[in-house]
Amino acid sequence: TSTPPPHLDFRAFVDALRSDDDLADINAEVDPNLEVAAVTRRAYELQSKAPLFHNIKGAHDGLFRILGASGGLSSDPQFPYRRLVRHVGLSPNASLGDFIDKMLSAKGKPGIPPVHVETGPCKENKLFGNDIDLTKLPAPLLNKADGGNYIQTMGINIVQHPTKAWVNWSIARAMVLDKTRMVGLIMKPQHIARIYAQWMESGKDMPFAIALGAPPIAVMASSMPLPEGVTESEYVGALCGEPLELVKCETNDLYVPARSEIVIEGTVSITERAKEGPFGEMHGYSFLDEELMEPIYNVAAITYRSGNAILPISVPGRATGPDETHTLIGTLASAEIRQLLQENGLPVLNVFTPYETQVIWAAVQVDRKKLWELETNAEEFCRKIGQLVFRRKCGMQIHRLLIVGDDIDPFNFKDVIWSYASRCRPGMDEYHFEDVAAYPLVPYMSHGPGAKLTGGKVVANCLLPHEYKQEQMWVTCDFENGYPEEIKERVLRRWSDFGL
Ligand SMILES: Cc1cc2c3c(c1C)C(C)(C)C[C@H]1C[C@@H](C)[C@]4(C(=O)NC(=O)N=C4N2C[C@H](O)[C@H](O)[C@H](O)COP(=O)(O)O)N31
Ligand SMILES: [K+]
Ligand SMILES: [Mn+2]
């Protein structure tokens with residue numbers, strides 16, 4: 001069969017990055033102990049090509065190569081989001097707004113259930129029982145403070161509700177514990193945690209599969225806070241207009257994308273826990289006192305593609321050059337927040353979590369003309385938005401919402417911070433929420449002055465009072481807005497003559 005397009009096949013995605021000249025094939029031997037991660041981290045920060053390490057020290061029997069920064073910004077400043085939008089089959093010059101529109105394009109459409117196929121590339125090699133030794137795999141150490149080798153940072157965690165027809169796909173970190181066991185973060189209110197709680201009720205260990213090197217568009221849906229009960233693989237089917245092809249796991253009844261690079265399968269214990277972390281996380285910190293006891297993943301089988309399977313990794317940290325915890329988590333939460341606000345009749349044009357805020361803030365762009373029709377005011381409008389966003393899971397990771405006008409581009413932080421700095425009066429324009437669920441990974445929550453699990457959220461009104469009812473009473477003083485068209489045209493025409 002012919003190879004599917006890049007958004008449906010990880011190998012084709014890698015080839016597409018190579019043809020974009022956005023991939024570095026690294027054949028020199030590199031050490032999975034910190035060196036691979038340090039190169040990947042720097043690749044994010046310099047927005048360089050995505051590193052594909054073909055020669056990992058300790059790799060054997062086709063396990064494994066490593067691809068870093070699959071969700072980083074592209075190395076071509078003309079098309080910064082090209083690598084991201086390749087995940088969803090958009091053209092290289094697509095914007096972040098196009099990306100969000102695409103990920104929301106299946107809302108309201110019926111899901112298209114995946115089809116089950118007999119076999120696929122991920123079944124070409126199989127390890128069971130004594131053949132499994134996770135400590136012998138070149139699982140990377142991603143940060144010098146990490147508590148273990150995080151083999152799972154970019155795979156899809158697949159779990160099924162014990163009684164409902166709901167199969168959830170998400171991304172949740174997991175590190176190697178010993179020969180046949182991993183330990184991973186299962187955090188409320190995430191769907192993997194809600195389903196895990198149901199298995200605890202049922203008294204049976206939770207079957208799992210982790211599909212690494214899965215179809216890129218499936219990785220996006222896995223990173224998106226789709227509503228509870230939505231089976232991500234069906235949403236992906238609706239996004240693509242065709243069903244995903246899945247194959248059955250060897251040791252349980254879950255199904256995984258047939259073309260995955262590597263599949264790890266088994267059961268998550270409902271009784272046994274182990275120390276998990278520290279882990280260099282998405283806000284750029286690794287707290288040395290992180291003492292989490294998390295569920296143990298018992299590995300029963302590993303299956304993988306021939307031709308030297310590729311393990312994709314994410315190395316979270318400061319968003320000086322954003323990594324997948326910003327470009328995927330932030331952008332896809334923005335999509336669901338926009339959907340939530342628009343569904344509730346609010347005149348919201350777009351939502352985006354600026355990378356400069358470590359995706360802790362989200363700018364909500366409002367259509368001011370439509371705002372006038374609501375005949376509302378800052379207090380009422382901001383409180384309504386806060387009540388909606390801060391009490392829904394899609395708003396879990398956001399601690400500050402900035403309400404900005406349609407003169408502000410939410411994807412341009414300079415626009416956003418200009419309106420926040422100049423139109424949001426301290427002490428009067430911010431509406432605080434202390435009784436909502438917090439995002440425990442945010443440093444001022446986990447290691448801050450107050451309660452760790454609730455509060456610390458705010459809606460900042462970045463619209464002047466008159467913008468709620470009439471045209472703005474100012475001219476914006478920049479080249480774009482401060483001069484008549486014919487002056488601007490003349491200046492642009494003469495610019496090179498001026499030798500500026
Ligand atoms: C794209 C990405 C998303 C991540 C994570 C990562 C990456 C790359 C890595 C592994 C690098 C770092 C950690 C960071 C950590 C937050 C966590 C996690 O360990 N636990 C968790 O509960 N959620 C995570 N998410 C977010 C999660 O996938 C989304 O929230 C998604 O909507 C969940 O799906 P459901 O809505 O269906 O519940 N990890
Ligand atoms: K998801
Ligand atoms: Mn879900």
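I take donors to be N, O and S atoms within 2.8 Å of the metal, or within 3.2 Å for Na, K and Ca; water is not among the atoms, so sites may look incomplete.

I note that this is a predicted model, in which local features need pLDDT of at least 70 and side-chain atom pairs count only at pLDDT 80 or more, while totals for chains, interfaces and linings use all residues. Residues are numbered from 1 along each chain as its sequence is written, chains are lettered from A and ligands numbered from 1 in the order in which they are written, and side-chain values use heavy atoms, with hydrogens and water left out.

**Entry: potassium**

I looked up the donors of the potassium ion (ligand 2) and found Trp 169 (O), Ala 221 (O), Ser 222 (O), Met 224 (O) and Glu 232 (OE), at 2.7 to 3.0 Å. Along the chain, these donors follow the spacing W-x51-A-S-x1-M-x7-E. I then checked Met 224 and Glu 232, and both are buried (buried means under 20% relative accessible area, exposed over 50% and partly exposed in between, with a 1.4 Å probe and protein chains only).

**Entry: manganese**

I went on to the manganese ion (ligand 3), which is coordinated by Asn 168 (OD1), His 191 (ND1) and Glu 232 (OE), at 2.2 Å. The spacing of its donors along the chain is N-x22-H-x40-E. Asn 168 lies in strand S7 (residues 167-170) and His 191 in helix H5 (residues 191-202), so this pair ties together parts that are 23 residues apart in sequence. Helices (H or I, at least four residues) and strands (E, at least two) are DSSP runs, numbered from the N terminus. Asn 168 and His 191 are buried.

Which residue coordinates both the manganese ion (ligand 3) and the potassium ion (ligand 2)? I find that Glu 232 does, and that the two ions are 3.7 Å apart.

**Entry: helices H9 and H11**

Two packed helices are described by the angle between their axes and the distance between the axes. I looked up H9 (residues 329-343) and H11 (residues 378-389), whose axes come within 10 Å and cross at roughly 125 degrees. Axes are lines fitted to C-alpha atoms, for helices over the stretch in contact, and angles run from 0 to 180 degrees between N-to-C directions. H9 and H11 are therefore oblique to each other (under 35 degrees counts as roughly parallel, over 145 as roughly antiparallel, 65 to 115 as roughly perpendicular and the rest as oblique).

I listed the residues that meet: Ile 337, Leu 340 and Leu 341 in H9, and Ile 385, Leu 388 and Val 389 in H11. Contact here means heavy atoms within 4.5 Å. The residues of this contact divide into six nonpolar, no polar and no charged (Ala, Val, Leu, Ile, Met, Phe, Trp, Tyr, Cys and Pro count as nonpolar, Asp, Glu, Lys and Arg as charged, and the others, Gly among them, as polar).

**Entry: backbone**

Most residues other than glycine have a negative phi, and most peptide bonds are trans. I noted a cis peptide bond from Leu 63 to Phe 64, with omega near -10 degrees; Phe 64 is in strand S3 (residues 63-68). Another cis bond joins Gly 277 and Pro 278, with omega about -5 degrees. Pro 278 sits in the loop between strand S13 (262-276) and strand S14 (292-304).

I also noted Leu 34, not a glycine, with a positive phi near 80 degrees. Leu 34 is in the loop between strand S1 (23-26) and helix H2 (35-46), and is partly exposed at 30% relative accessibility.
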